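This report looks at one residue and then at the surroundings of a ligand. Please have the sequence and the 3D view open while reading.

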Amino acid sequence: MNKNEYRDIYVFIEYHEHTIHDASLELLGEAVRLTENRKNLGYSVIAVILGEPSEETLHELGYRGADRIINLSHASLHTYSTEVYTTLLNELIRTDKPDIFLVPATVLGRDLAPRLAARCDTGLTADATRLEFDPEDESSALLYVTRPAFGGNLFGTIINETKRPQMTTIRPGVMDALPRDTSRPFTIDKREVHPEGIQDSVRILDVLHKDHMAMDIAKADIIISGGRGVGNNFHVLRECADMIGAEVAGSRAAVDEGRIDKEFQVGQTGKTVKPKVYIACGISGAVQHMAGMEKSDFIIAINKDPDAPIFSASNIGLVGDALEILPLLTQEIRSYRE
Ligand code: FAD
């Protein structure tokens, strides 16, 4: 393998119907930032999308940072299949030789990326939170990929010196998408593919959608989050949340105790959130929790223990019983509104 033949940053695009997954838009933004920081490489940002997306979807990728959009087109690719996607992307990697291949660490991305990395015999750094080019050498395209390790207590930086592409999955909500710019130039490279011949041991009979799509806490402006300290009293948080249009979330301890669903878990193994206001009730502030909420604009913590670590990340800290303080807040807001 000749590393010099590999170039550009490819971003795998996940989408549903006409909506591009935010995590893919974030990766496009990050890829643009990387190429701009190392212009001397002359790298382009290339979005890779499978199936038959609408023209609007393809254009949107250009407005959000892609210089070129490769569409592997076939109607059957509408539904994700690990084997089919892996085979087609492996072929694309063999012909196009991307230097860097970024995949969002969504449920789909976490399924696809390891299989694809193994198929093209390269390494994968999973669940990264930071990317930068080799800081020591201005001419280098070696990617330094940072990710939490040992339960979030350490951050490790991983490089892939020998194999290509440099492949990584990146946590949703960590990178910033670019604002939409309809004046950006881009090209669309549509390629008809033929997945019919690919042996797939899985046959998808039907795709069932959830009746009720819960609000994605990663997009919420205000979050009231509960930990073990609020016990089975999440209704107290919900009452306050309803008053102020907030979403309710929880720590892993609260999820493990069955107080709230896993999709509302904030933290390293949950979601990364960046609301305008994050109210943490009865949450101690373990590093794994803080990794998911410390980028919130304004953090209010309520905890009985004055030494709780959550206070170190808070703009306002209230030492006291959340089950006494929150109802007072709800009552105050209600009376203010009436
Ligand atoms: P506790 O640590 O038990 O804290 C409860 C807090 O409530 C205490 O500070 C206490 O003083 C306070 N309190 C008690 N009663 C009241 C009251 N009435 N009013 C006010 N305060 C009160 N955790 C996450 O949250 N998200 C993750 O994604 C995550 N991922 C993890 C991944 C790994 C690999 C590992 C090892 C751990 C992970 N954890 C995660 C777990 C994490 O380490 C902590 O165990 C967890 O965050 C603790 O949750 P907690 O703060 O709700 O509970």
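## Residue S73

Two residues are in contact when heavy atoms of theirs lie within 4.5 Å. Leaving aside residues up to four places away in sequence, S73 touches G51, E52, K190, R191, E192 and V193. S73 belongs to strand β5, residues 68-73; strands are DSSP runs of E with at least two residues, helices are runs of H or I with at least four, and both are numbered from the N terminus.

S73 counts as buried because its relative accessibility is 4%; buried means under 20% relative accessible area, with a 1.4 Å probe and protein chains only.

## Basis of the model

This is a predicted model, in which local features need pLDDT of at least 70 and side-chain atom pairs count only at pLDDT 80 or more, while totals for chains, interfaces and linings use all residues. Residues are numbered from 1 along each chain as its sequence is written, and side-chain values use heavy atoms, with hydrogens and water left out.

## Shell around the ligand

The ligand has 26 residues around it, and R228, S251, T269, S284 and N303 come nearest; a residue is near if one of its heavy atoms lies within 4 Å of the ligand. At least two residues of the shell come from each of α6 (252-256), α7 (287-290) and β16 (298-303).

## Polar atoms at the ligand

A polar backbone atom of V266 is 2.8 Å from a nitrogen atom of the ligand. An oxygen atom of the ligand is 2.8 Å from a side-chain N or O atom of Q288.

Technical notes:
Buried < 20%, exposed > 50% of the residue type's maximum accessible area, 1.4 Å probe, protein only. Polar contact = N/O pair within 3.5 Å; in protein donor to acceptor, adjacent residues only side chain to side chain.
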